[in-house]
Amino acid sequence: MNYTTDLQHNSSMPNRFLSNTTIAWLIGFFALGLAGWMGEISSTQWDLSFIHRMIVQSIVMSGIIGLGVWYLRIRRPLEVNYSIGLGTFKKALLHFITGMSILLLPVLLSIVATESMGWGEVLFNWSSGSTSTVLLGFSVVLAFEAFPEEFLFRGYIFSTLNTKLKKWKAALFTIVLFALLPVILVPLQQSLLGMDGLVGGNTGIQVGYVITMILFGSFVQYLRILSNTIWMGIGFHAVFVFINRIIGPNSDAVIQFANM
């Protein structure tokens with residue numbers, strides 16, 4: 001369903017939209033915190049490998065957020081009907097692929113240009129098991145970060161706020177809430193649980209990371225409004241995170257930019 005002016009500005013609506021937004025944010029806070037703690041336990045106590053640790057975190061993250069949004073939608077509904085941007089399977093797949101292409105096409109062009117122009121050397125450190133590893137790694141990124149975060153923030157929180165606020169205001173609040181979550185969570189994890197709290201390759205929250213979160217959140221929010229679906233943002237989000245993990249200057253990268 002599309003948003004309408006009548007739904008957005010219905011003065012008879014209760015203020016449940018605000019309490020539901022707060023609960024949704026707390027669900028995300030709890031899900032990410034528990035997933036991180038479970039990941040820490042799985043690697044230290046259960047001696048799981050990194051990829052298996054990430055699978056555990058993915059199950060916790062997606063499971064809690066999925067159930068949380070279901071609870072809010074079914075048990076605490078607003079007095080208006082509104083979409084959270086899931087759509088039909090066919091349209092979702094098309095938007096997902098489009099979102100992925102926004103980054104994949106520039107990366108492919110960069111690889112071709114680097115080789116053809118002699119700017120450097122591109123090495124593909126591919127082995128017999130790389131295909132399954134890459135597919136599993138992408139699935140983990142999708143389940144742990146891209147889907148639950150977009151489903152919660154650009155899906156439920158933005159859509160809920162947009163039932164009462166204009167789109168630009170709902171978008172602004174969503175971006176702030178998105179960036180605020182790790183800013184509050186990571187210091188608590190470090191001080192209360194003694195966790196490493198590695199964020200963006202650094203121990204703790206850095207200014208550069210906060211700026212990146214705001215810019216990234218703004219762009220995927222733009223994709224949400226542009227496409228009226230969460231799937232374009234999910235596709236972009238998944239590729240954005242995954243590319244940072246498989247491309248780099250070191251020999252352990254699947255796609256290595258050498259001699260630059």
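This is a predicted model: local features need pLDDT of at least 70, side-chain atom pairs count only at pLDDT 80 or more; totals for chains, interfaces and linings use all residues.
Reader: Start with H3. How many residues does it have, and how far does it reach?
Author: Helix H3 covers residues 50-75, has 26 residues and reaches 37 Å from its first C-alpha to its last. That is close to the 38 Å expected at 1.5 Å a residue; the expected span is 1.5 Å times one less than the number of residues. Helices here are DSSP runs of H or I with at least four residues, strands are runs of E with at least two, and both are numbered from the N terminus.

Reader: Which residues of H3 are buried?
Author: Among them are Met 54, Val 56, Gln 57, Ile 65 and Leu 72. Buried means under 20% relative accessible area, exposed over 50%, and partly exposed in between, with a 1.4 Å probe and protein chains only.

Reader: What do they pack against?
Author: The buried residues of H3 pack against helix H2 (16-44), helix H5 (130-162) and helix H8 (231-246).

Reader: Take Asn 20 next. Where is it?
Author: Asn 20 is in helix H2.

Reader: Why does Asn 20 count as buried?
Author: Because its relative accessibility is 0%. Not counting residues up to four places away in sequence, Asn 20 touches Leu 72, Arg 76, Leu 78 and Tyr 156, where contact means heavy atoms within 4.5 Å.

Reader: Which side chain does the side chain of Asn 20 make a polar contact with?
Author: That of Arg 76, at 2.7 Å. A polar contact is a pair of N or O atoms within 3.5 Å; within protein, one must be able to donate a hydrogen and the other to accept it, and residues adjacent in sequence count only if both atoms are side-chain atoms.

Reader: New topic. Where is Gln 256, and is it buried or exposed?
Author: Gln 256 lies in strand S5, residues 255-258, and counts as buried at 9% relative accessibility. Its side chain makes a polar contact with the side chain of Asn 125 at 3.3 Å. The side chain of Gln 256 also reaches the backbone oxygen of Pro 249 at 3.2 Å.

Reader: And Ile 102, where does that lie?
Author: Ile 102 lies in helix H4, residues 89-116, and is partly exposed, with a relative accessible area of 30%.

How values were computed: Residues are numbered from 1 along each chain as its sequence is written. Side-chain values use heavy atoms; hydrogens and water are left out.
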